[in-house]
Amino acid sequence: MLQVSQLKETKHKVITGLLKKRFKNAEEIIDKVLDLDQTRRETQVKLDNVLAESNAVAREIGQLMQKGEKETATQRKEISATLKASSKSLAETLQQYEEELTQLLYTIPNTAHSDVPDGVSADDNENIFQHGELPVLYDGALPHWELIKKYDIIDFDLGNKITGAGFPVYKGKGARLQRSLINFFLDEAVKAGYHEVQPPILVNQESGIATGQLPDKEGQMYHIPEGNLYLIPTAEVPITNLYRDVILSEDQLPIKNVGYTPCFRREAGSWGAHVRGLNRLHQFDKVEIVQIHHPENSYQALEGMLEDVKRLLEKLELPYRVLKLCGGDLGFASALTYDLEVYSAAQEKWLEVSSVSNFETYQSNRLKLRFKGDDKKMTLLHTLNGSALALPRIMAALLENNQSKDSIRFPKVLVPYLGFESIG
RNA sequence: AGAGAGGUGGCCGAGUGGUUGAAGGCGCACGCCUGGAAAGUGUGUAUCCGCCUAAAGUGGAUCGGGGGUUCGAAUCCCUUCCUCUCUGCCA
């Protein structure tokens, strides 16, 4: 969430950024926050004064008791009782203000960076880069959901039987392809200087709150009542939460982590004809990169992450484009996001396979992720993350783009991982 | 899952109701000592919310989390989470 100090000191900049994000009533809500904060502080001062007096009396009583002046002590106790009643009520009021303030701050998204293009929807995203020729397929080329049946490599019916819709079973060379992609992505990330981690795929509520999935997006996660845990929608959640309540020293920066996990998304209400096959699943695999940076370096790092992801797509020989998301399409917690889309030739569609974002201090404020600089001051760090990459749509594009009438060939880089060059 | 023990500062570790935000040690920073270093020695060394602000200073909170008893709680009670040991179970 945003910091109150941020709202106070750079109010107009924040409002501009929020309006770009199509956040309504930005000024009104910020004023409300500032009012509430003012009231909160005044209450805090009153409470502190009462507590200070109360502490003084208690100390005095202690001394009197030791001297054996019990009667005076008893008199003092009466004062103390009054102070206590007063402090109790003030403490309750203060807590109410604090909760109200937090709730209000939860409703405010991150502000858009000044480079974010203006716009309302996905149609307004700025296409900033495109690479690779769009493949021309032979007549009668199949979409991936037909190819997987034809070669019997992914089975939706079986997944449907044992679990439900959106939980495919990968079989034979399909399973091997999945495993190969995971290993390829991890190896590439490690080569690029990332530190590999394998986090849990169930997280507690605190973690969900810290990275911003809770409370806003509760409905998108699977929840397990035993232990009150959530299945992660992305490895971003556990990997970023590794740094919850952490104070780093400057020489530990930057942090660059990579991890593979399955991801689980309920995707309530988003099912229909346009999400056939691998386009949208309840469970899918993803390799995620997470970086933590000094505020001054985070945008340079974002560009670096974008290059890391582009390199993967180029090695996979997939045509892709890079979009800079417009304000209206930007995620809740993000200040600037690049989406990478691959071209899926049989569907004749661009499919989002990665989203690379800078969250600035929006997450670190909830995480309490800070560093102590040379000036000994605590400063919030910037968190960034990106998919590198999400598997199902990559698979869809690989299958569709590389098909011929009786086989599917795979890019060179994958062959050592696959142990074969083609299917069929 | 059952029984027991325990959760104190960056770390170790004292502390069972009254200037204890917390002894002592280690570590770390700076200074002294030294030709230089080690040893020795001195000083400092948490976070959050406030007040005042140029700085200094200062009030409050925090001994896993939450609640309670009390004039006063790290210390007593309740509750919850976590860790360890034994038993059980299992990959």
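Trainee: What share of the 424 residues in chain A is buried?
Mentor: This is a predicted model, in which local features need pLDDT of at least 70 and side-chain atom pairs count only at pLDDT 80 or more, while totals for chains, interfaces and linings use all residues. Residues are numbered from 1 along each chain as its sequence is written, and side-chain values use heavy atoms, with hydrogens and water left out. Taking buried as under 20% relative accessible area, exposed as over 50% and partly exposed as in between, with a 1.4 Å probe and protein chains only, the buried part of chain A comes to 50%.

Trainee: How many residues of strand β10 are buried?
Mentor: Strands (E, at least two residues) are DSSP runs numbered from the N terminus, and β10 covers residues 283-293. This strand is mostly covered, the buried residues among its 11 being 10.

Trainee: Which residue of β16 is the bridge partner of Gln291?
Mentor: Two strands pair if DSSP finds at least two bridges between them, and β10 pairs in the antiparallel sense with β9 over 10 bridges, as well as with β16 (residues 382-390) over 7 bridges. On the β16 side, the partner of Gln291 is Leu384.

Trainee: Is Glu250 buried or partly exposed, and what is its relative accessible area?
Mentor: Glu250 is found in the loop between β8 (247-249) and β9 (255-264). Glu250 is partly exposed, and its relative accessible area is 32%.

Notes. Chains lettered and ligands numbered in written order. Helix = DSSP H or I, 4+ residues; strand = E, 2+ residues; numbered from the N terminus.
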